[in-house]
Amino acid sequence: MAETGSEIVYLDNNATTRVAPEVLEAMLPFLADRYGNPSSMYRFGGTVRRHVERAREHVAALIGADADEIVFTSCGSESDNMALKGFCRKHRGLHPRIITSAVEHPAVRNTARFLRDDMGGLELAELPVDGEGMITPEVLDNQHIGPHTLVSMMWANNETGVVFPIREMAEKVKERGGIFHTDAVQAAGKVPINVKEVPLDMLALSGHKLHAPKGIGAAWFRRGADIAPLIHGGHQEGGYRAGTENVPYIIGLGRACELAMERLDEENTRVRALRDRLERELLAKCTGAKLNGHPGRRLPNTTNISFENIEGEAILLHLDEAGIAASSGSACTTGSLEPSHVMMAMGIPYNYAHSSIRFSFSVYNRDSDVELTVLAMPGIVDKLRSLSPFV
């Protein structure tokens with residue numbers, strides 16, 4: 001059973017993670033005694049400012065950036081919006097172009113589509129992935145890319161865990177003078193990221209995916225990035241984002257990034273082993289089970305499995321009754337009766353796409369979580385398949 005302080009087996013860490021105890025401990029003083037405004041001139045505020053800047057350094061270190069390139073936001077979606085909308089506003093009237101993939105998170109996908117419809121003259125290209133959810137750098141070869149082109153490709157997919165060849169794509173874009181943005185919300189803290197080694201311009205991450213609270217994120221803009229602010233007002237965050245800083249949550253994000261660096265090896269060894277064991281046993285013990293996504297190039301914590309001719313929501317309801325939390329895809333699309341746009345873009349047959357279940361682990365999961373899930377799933381699958389009208 002997962003150590004979550006309850007009787008739940010929590011395997012939905014790509015949706016959100018528990019707040020690490022160390023993160024909560026770091027935050028508490030700034031919710032009580034250290035309440036000064038970091039923009040104030042007096043020492044009571046100046047002391048808080050130093051803690052904010054230290055947190056900025058920890059966030060920067062996680063992705064190999066310089067601290068003055070980090071902008072604190074409310075979440076990954078805001079960070080993505082800052083990048084896409086900020087770029088388009090700066091390039092308004094210059095026929096800007098956005099190139100993205102067909103499997104992006106709604107924070108990028110829907111923002112890009114909004115900009116296409118809202119800005120006359122903006123072109124949008126959504127490039128295909130293959131049957132394993134992978135995109136190749138070569139898909140960029142036939143695209144028009146220049147100084148008014150923004151290419152936005154996710155570092156890793158939130159539903160399948162597939163890791164894109166970001167370095168190779170970014171190199172192609174930069175060779176042709178374009179701007180490259182990546183949504184690294186799912187990747188940060190799970191795989192190594194170093195923006196000094198990859199020719200990126202902008203990056204988004206979110207705190208609640210790596211054991212900080214919901215409501216805090218960060219954007220990285222390479223020094224000199226030419227984008228317009230999303231929120232206007234005061235001078236905070238280098239002029240990129242006005243508003244008094246959310247100090248307790250910034251402190252929490254900084255501590256979470258510090259912990260993520262310490263736990264990166266564990267993510268890629270023990271957590272990966274848990275994921276691999278669950279995947280192996282479910283594919284062997286559940287009839288009609290199929291892995292979705294590239295078998296190798298995936299985040300260490302994520303597996304996405306379909307169960308032929310069964311409704312995914314029915315599986316999730318039965319798992320919930322068994323005390324197991326998983327998901328059918330992105331939490332940002334929950335409620336839709338249609339199969340995931342990621343599954344559709346991969347060409348997964350409808351009778352599999354509608355039954356895709358994502359299991360995503362964290363460092364707080366244990367062997368018993370796998371054992372209980374493996375014990376429950378075959379019976380759930382057999383029961384639901386016996387009731388399926390499609391069998």
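**Note on the predicted model: surface patch, sheets and salt bridges**

1. Val19, Leu24, Leu28 and Leu31 make up a nonpolar surface patch with about 340 Å² of accessible area together. A patch here takes residues with over 30% relative accessible area and no salt bridge, joining nonpolar side chains (Val, Leu, Ile, Met, Phe, Trp, Tyr) within 5 Å and like charges within 9 Å. Areas come from the Shrake-Rupley method with a 1.4 Å probe, and for residues only the protein chains shown count as cover. Val19 is in the loop between strand E1 (9-10) and helix H1 (21-27). Val19 counts as partly exposed because its relative accessibility is 33%; buried means under 20% relative accessible area, exposed over 50%, and partly exposed in between (1.4 Å probe, protein chains only).

2. On the basis of the model: it is predicted, so local features need pLDDT of at least 70 and side-chain atom pairs count only at pLDDT 80 or more, while totals for chains, interfaces and linings use all residues. Residues are numbered from 1 along each chain as its sequence is written, and side-chain values use heavy atoms, with hydrogens and water left out.

3. Seven strands form an open sheet of mixed pairing, in the order E2-E8-E7-E6-E5-E3-E4. At its edges are strand E2 (70-73) and strand E4 (123-127), each of which pairs on one side only. The twist from one strand to the next averages 20°. Helices (H or I, at least four residues) and strands (E, at least two) are DSSP runs, numbered from the N terminus; two strands pair if DSSP finds at least two bridges between them.

4. Within this sheet, strand E3 (residues 97-101) and E4 are parallel partners over five bridges. Leu127 in E4 is the bridge partner of Ser101. Helix H5 (residues 166-175) packs on the sheet, where it touches strand E5 (149-152) and strand E6 (179-183), and its direction makes about 155° with that of E6. Contact means heavy atoms within 4.5 Å. Axes are lines fitted to C-alpha atoms, for helices over the stretch in contact, and angles run from 0 to 180 degrees between N-to-C directions.

5. Not counting residues up to four places away in sequence, Ser206 touches Cys75, Gly76, Val185, Ile216 and Gly217.

6. A second open sheet has three strands in the order E9-E10-E12, with antiparallel pairing. Strand E9 (289-291) and strand E12 (357-360) are its edges; each has a single partner strand, so one side of each lacks a neighbour in the sheet. Neighbouring strands of this sheet are turned by 30° against each other on average, direction ignored. Strand E10 (residues 302-307) pairs with E12 in the antiparallel sense over four bridges, and Arg358 in E12 is the bridge partner of Asn304. Helix H7 (residues 264-285) packs on the sheet and touches E9, E10 and E12; its direction makes about 10° with that of E10.

7. Asp12 lies in the loop between E1 and H1. With 10% relative accessibility, Asp12 counts as buried. Leaving aside neighbours within four places in sequence, Asp12 is in contact with Ala325, Ala326, Ser327, Arg358 and Ser360. Arg358 is also the bridge partner of Asn304 noted above.

8. The whole structure contains 24 salt bridges, a salt bridge being a side-chain nitrogen of Lys or Arg within 4 Å of a carboxyl oxygen of Asp or Glu. One network of salt bridges links Arg49, Glu53, Arg56, Glu237 and Glu245. In it, Arg56 and Glu53 meet at 2.9 Å, N to O; both lie in helix H2 (residues 43-63), three residues apart, about one turn of the helix. Arg56 is buried, with a relative accessible area of 6%, whereas Glu53 counts as partly exposed at 27% relative accessibility.

9. Arg56 also forms a salt bridge with Glu237, the closest N and O atoms being 2.7 Å apart. This pair links distant parts of the chain, 181 residues apart: Arg56 is in helix H2, and Glu237 is in the loop between strand E8 (217-221) and helix H6 (247-262). Glu237 is buried, with a relative accessible area of 10%.

10. Asp68 and Arg223 form a salt bridge through their side chains (2.7 Å, N to O). Here too distant parts of the chain are linked: Asp68 is in the loop between H2 and E2, Arg223 in the loop between E8 and H6, and 155 residues separate them. Both Asp68 and Arg223 are exposed.
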